[in-house]
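Look at the sequence and the fold together. Then try each question before reading its answer.

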Amino acid sequence: MKKLGDGCCVLRFYPVLYVITGGGLLKNGRHYGFDELNLVIVGLALLASFLFRPYGLIVSALLLGWALFRALSTKMEKRASELLWMKNHLRGLKSTLIGTGYRLRLWFRNLLGKIRYHRQYKTFKCKTCGQKLRVPRGKGKIRVTCRNCHTQFSMKS
Ligand SMILES: [Zn+2]
């Protein structure tokens with residue numbers, strides 16, 4: 001059994017990273033510091049270190065290195081444009097998710113409606129003309145008149 005707790009290294013590293021970069025020590029205006037993109041990167045690093053062992057640790061180390069690089073960077077505009085890029089993509093992702101959720105809800109409501117309809121009505125075709133007809137369920141043996149060709153027949157509902 002593999003030991004747990006590899007991800008805890010990342011967890012321990014996170015406040016360190018924050019303190020070094022955004023939380024004070026480097027708040028002299030020369031370094032870019034800690035932003036939301038770095039938060040996402042650190043989050044991904046955390047996820048990788050927990051989920052994809054053993055290579056996840058390498059991946060998370062690379063990601064943390066990237067976050068550290070961004071935080072220590074002095075090229076403000078470049079880092080800021082990276083942040084903007086991520087925010088735009090997150091917005092796209094969000095609207096996609098909302099759209100998918102809406103479609104799923106619609107599909108589910110449709111399905112529920114179909115089930116309810118099926119439980120209330122029995123649908124069949126007229127034996128003479130093929131007209132689609134429906135009768136309410138649970139009424140016992142009933143006489144049906146086709147509304148197209150007016151053929152009468154009896155059936156169990
Ligand atoms: Zn008919």
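Predicted model: local features only at pLDDT ≥ 70, side-chain atom pairs only at ≥ 80, totals over all residues.

Residues are numbered from 1 along each chain as its sequence is written.

Q: How far does H3 reach from its first C-alpha to its last?
A: Helices are DSSP runs of H or I, at least four residues long, numbered from the N terminus. H3 covers residues 55-72, 18 residues in total. The expected span is 1.5 Å times one less than the number of residues. That gives an expected 26 Å, and H3 comes close to it, at 26 Å.

Q: Which residues of H3 are buried?
A: A residue is buried if 20 or more other C-beta atoms lie within 10 Å of its own, exposed if 12 or fewer, and partly exposed in between; C-beta atoms are placed from the backbone. On H3, the buried ones are Gly56, Ser60, Leu63, Leu64, Ala67, Arg70 and Ala71.

Q: How are H2 and H3 oriented to each other?
A: Axes are lines fitted to C-alpha atoms, for helices over the stretch in contact, with angles from 0 to 180 degrees between N-to-C directions. The axes of H2 (residues 36-51) and H3 cross at roughly 165°. Angles under 35 degrees count as roughly parallel, over 145 as roughly antiparallel, 65 to 115 as roughly perpendicular and the rest as oblique. H2 and H3 are therefore roughly antiparallel.

Definitions and conventions: Helix = DSSP H or I, 4+ residues; strand = E, 2+ residues; numbered from the N terminus.
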